[in-house]
Structure formats: structure tokens, C-alpha cells
Amino acid sequence: MENFDYDVVIIGAGISGINFAYRLKERNPDLTYCIVEARSEIGGTWSLFKYPGLRSDSDLYTFSFPWKPWKANKSIAQADLILKYLREAVSEQGIDRNIKFNHKVASLNFDTPSKTWYVHCDTPKGPSKNTSIRSRFVLVGTGYYDYDKPLQADIPGISNFRGTVVHPQFWPEDLDYTDKNMVVIGSGATAVTILPSVADKVSHVTMLQRSPTYIISVPGEGLFEKVTKALLPESLAYPLIRFKWIVSAFLLIVFCRGLPNLARRAILRRTKRELPKGVAVDPDFTPRYNPWDQRMCLCPDADFFRALRSGKGSVKTGQIERVTEKTIKLDSGEELHPDIIVTATGLRLALLGKASLSVDGEPVTISDRYVWKGSMLEGVPNLMFAFGYVDASWTLGADATAQLASRIIAEMGEEGKQSICPRRTEQELQTMKPQPFFYLQSTYVKAAQSIFPKVGDAQQWLPRKLYWRDIAHAWWGDVRSSTEWS
């Protein structure tokens with residue numbers, strides 16, 4: 001430890017970073033670590049966003065940690081419950097004692113001769129307002145979006161609007177929307193969450209979309225969960241419930257991808273039953289794409305559809321021609337008259353918290369590098385990213401990475417190795433073909449191609465797609481091929 005401040009630096013105190021810390025100590029109890037967090041509290045997404053109804057867009061039985069079962073009676077939960085759960089987790093495991101708050105990572109550089117990472121952080125204190133931490137390994141749990149800047153869609157004339165314009169990422173906590181007419185521009189999970197959450201207070205809320213998305217209702221707590229909890233001890237009930245949700249999500253995706261036309265008809269038939277009488281499925285609820293070509297939206301206990309049936313919410317499909325001082329004019333000639341416009345148009349993507357990355361002073365562009373086992377960048381030693389899934393809970397993928405990292409660090413210690421660095425073999429350099437990092441066709445996923453690393457069709461460089469495969473590889477898979485250990 002003479003040359004290091006810590007064995008491991010974890011970046012980010014959200015769900016990925018917290019899980020990294022648990023898995024690290026589970027397998028490597030003698031190692032030292034710290035978590036550097038840019039903000040003043042844990043939670044990442046769940047403490048940053050403040051818009052009404054903020055909730056998970058995955059079930060909490062699989063979104064939660066495998067080592068701390070989700071025990072609330074809600075499969076889709078709001079941010080306050082998730083934050084409470086995360087605070088309990090870090091307190092119970094003593095992880096909170098190892099978090100350095102208000103440490104925003106500005107740059108990372110790996111020094112090859114000394115096998116050392118230098119993590120440079122901006123802090124609000126001290127004469128130079130920055131600090132440097134030395135470590136052997138860096139584990140990155142920063143997620144994939146920009147905390148400082150939202151994705152600003154090109155909405156013609158939006159600057160002319162004299163009412164209130166709000167982006168969900170920076171929702172004013174004192175915004176009063178009582179008896180106001182609100183238009184939420186967008187059709188993703190955020191818009192589907194906001195509409196039912198404000199419907200009871202607004203005069204009316206309209207979700208204005210360019211094209212529809214698939215919206216599926218899920219029960220807050222199903223019969224299986226109730227019976228399992230009632231009949232089995234907790235030690236059996238919660239793992240079984242988690243297994244059920246992992247399998248059911250996997251089977252849904254297999255069904256949708258394998259039989260898209262049948263899946264489409266089944267989902268739209270279910271949607272029709274949920275809609276208010278007299279409201280047709282076309283055009284506002286019939287997506288132009290097949291199920292799981294883009295991410296689906298979940299609504300707990302059909303709250304989205306209940307808001308529509310109440311008459312307080314509605315959906316409109318159309319292109320915005322122009323926003324004026326008081327109206328939104330559509331290409332169809334229709335006009336909307338909002339008091340408040342919410343631009344739920346997506347997130348700006350960013351990796352590593354926008355910190356710069358280098359090896360021996362040479363800058364590393366993440367999007368130029370291939371990623372080994374969905375976690376390590378080619379040519380970058382001793383650094384692992386927590387990447388999750390776009391068609392399952394993020395935590396599942398993040399946990400596969402955490403267990404892989406903990407295993408590799410343990411094996412390196414047993415063998416007296418100090419560095420692992422992914423490298424393509426000569427054959428891979430000649431024959432490996434690139435593949436999409438994510439297979440979805442969502443707008444934000446397409447934008448990610450210029451930000452995320454590359455993946456290939458060779459075994460060690462495959463994209464992350466299937467939890468069962470990834471977790472098996474983390475436990476027992478080949479961690480020697482296409483790497484250099486020294």
C-alpha cells in the first residue's frame with residue numbers, strides 16, 4: 001500500500017457503485033476502497049430527479065440488490081422508497097463510512113510503470129479545490145447520462161412560449177400546477193410516469209408524442225408474490241420471487257423478438273381493454289415498430305390508463321409545427337393551449353461522469369475502444385465499467401460486472417499479478433466484426449453509438465445481452481483470453 005491510497009476507487013454512489021462495494025468486500029475482505037461521489041448524497045438518479053411520480057421503469061425485485069431483497073409490496077416503486085432502500089443498504093453494510101461526497105472526478109490517468117491509477121477530483125474545499133487519489137483499480141458506476149445537461153429536443157418556437165417550460169431532469173420543487181393545463185412532450189417512461197402523477201391536480205394533462213410507444217400495466221403486487229410470501233420463509237420466498245421476475249422478463253422478450261406480430265396483437269388487444277370507452281387504439285396507441293425494438297413502458301396498476309379514463313389525461317400524436325406565446329400548433333392544424341410545457345424528450349448520454357481518461361498521459365476515447373466482457377476497455381488496465389441492460393433491470397448487468405471484477409481482483413492477488421489489460425488477439429484484429437452495443441432502436445440508444453464503446457462478434461468481445469450468460473461467465477468463464485496479466 002506504500003504507493004496507493006486505496007486498493008480500489010469506485011466512482012459513483014448510486015446503485016452500481018454501492019453494489020461494487022458490497023461485491024468487492026464479499027470476495028476481497030482485506031482490500032481497502034473508497035467511493036467518490038460528485039453529489040452530496042447517495043442514490044444517483046433517485047436523488048437527482050424530482051419530477052412527480054419518479055419511479056423505476058423495471059421491477060424492483062430484480063432492480064434491487066441480490067444480497068438485500070426488496071420487501072415492499074410494490075413491484076414498481078417510487079423514488080422515496082428506492083432511496084430509503086439504498087440508505088438502509090449502505091448503512092447495514094458499513095458502506096457509508098467509505099464514501100467521499102462532493103468529489104467529482106475530473107480525470108483519470110493510469111501510470112504503467114507503477115501500475116497506478118491517479119484519480120483527480122474536484123472538491124468544494126481546499127486551496128486548490130481538487131484532490132488526487134492513487135489506487136490499483138478503478139470501478140466505474142456512474143451510469144450513462146449527463147447529470148448537468150438534459151437532452152434538448154429541437155422544438156420550433158419553444159423560446160416564444162410565455163408560460164412555464166420545464167425539463168423533468170430539473171423539475172422545480174415549488175412548481176404549482178394546480179388547475180393548470182399541462183402538455184408533456186414525449187412518449188417514454190418519464191412522460192408515462194408524469195401524466196398519471198399530475199392528473200389529480202391539473203385541469204388537464206396531454207401527452208404529446210411524435211409516435212406511440214407500447215405501454216403495459218403490471219400489478220403492484222401479484223398473486224404469486226402474495227402466496228409465496230405467505231407460505232415460505234423469507235430466505236426462500238424472496239429469491240424465488242426474484243427468479244420468477246427474471247425468467248418472466250426473459251420469456252417476454254423471447255416472445256416479442258421471436259413472434260413479433262403475435263406479440264404486437266396481444267399487447268394492443270390488452271391496451272384496447274384499458275382505454276376509455278370510445279377511444280381507439282389507432283393512432284395514439286399503435287407504435288410503428290415491433291415490441292422490444294424500443295424499450296417498453298410499464299405502468300403500475302394501470303395508473304396511466306386510469307388517468308385517461310378519468311378524463312383528466314389524454315394522448316395526442318402529431319408533429320409540432322411551432323410553439324407560439326400561448327399555443328402549440330401541430331402540423332395537422334390542431335392547437336393545444338398549455339400553461340405549462342414539460343419537455344420529456346430524453347437524456348443526454350455521457351460515460352464516466354464526463355471525466356477525461358488517459359493511459360500514460362495519452363487520451364483514451366471510449367467510443368474508439370472495444371469492450372471486453374462488457375466491462376473493460378481494450379488497452380486500458382485495471383478499470384471496469386458497470387454496464388446494465390436496456391431490456392432488463394440495470395442492476396442485473398451491473399451485478400454481473402461487479403462479481404466479475406471481484407473475481408479477477410481476487411485471482412490477481414492469489415497469483416501476485418498487478419495488472420490486467422484487454423487486448424485483441426491477432427486473429428481477432430483480422431476477423432472480428434463490430435456489432436451494435438445495444439440492439440434497441442430508441443432515439444437515445446442510436447445517439448449512444450457515438451458515446452459507448454464498440455463490441456464485436458468474437459467470444460470475449462460480445463455485447464451484453466443475456467443475464468444468465470453474463471453471470472455464468474462472471475463466476476466460471478474464461479478471464480485469460482484476449483488479456484495481458486502482469
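**Strands and helices, by the cut-offs**

Tutor: β7 pairs with strand β16 (residues 340-343) in the parallel sense over three bridges. Mind you, this is a predicted model, where local features need pLDDT of at least 70, side-chain atom pairs count only at pLDDT 80 or more, and totals for chains, interfaces and linings use all residues. Residues are numbered from 1 along each chain as its sequence is written, and side-chain values use heavy atoms, with hydrogens and water left out.

Student: What makes β7 and β16 a pair?

Tutor: Two strands pair if DSSP finds at least two bridges between them. β7 and β16 have three bridges, so they qualify. Within that pairing, V166 sits opposite V342 in β16.

Student: Why is one side of β7 (164-166) left without a neighbour in the sheet?

Tutor: The open sheet runs β7-β16-β8-β9-β12, with parallel pairing. β7 stands at an edge with a single partner strand, so one side has no neighbour in the sheet, and β12 (313-317) is in that position too. From one strand to the next, the twist averages 20 degrees.

Student: Why is α10 called roughly parallel to α13?

Tutor: The axes of α10 (residues 394-415) and α13 (residues 467-476) cross at roughly 10 degrees and come within 8 Å. Axes are lines fitted to C-alpha atoms, for helices over the stretch in contact, and angles run from 0 to 180 degrees between N-to-C directions. Angles under 35 degrees count as roughly parallel, so α10 gets that label relative to α13.

Student: Which residues of α10 meet α13?

Tutor: L396, D399, A400, Q403, L404 and R407 do, with contact meaning heavy atoms within 4.5 Å.

Notes:
Helix = DSSP H or I, 4+ residues; strand = E, 2+ residues; numbered from the N terminus. Parallel < 35°, antiparallel > 145°, perpendicular 65-115°, else oblique.
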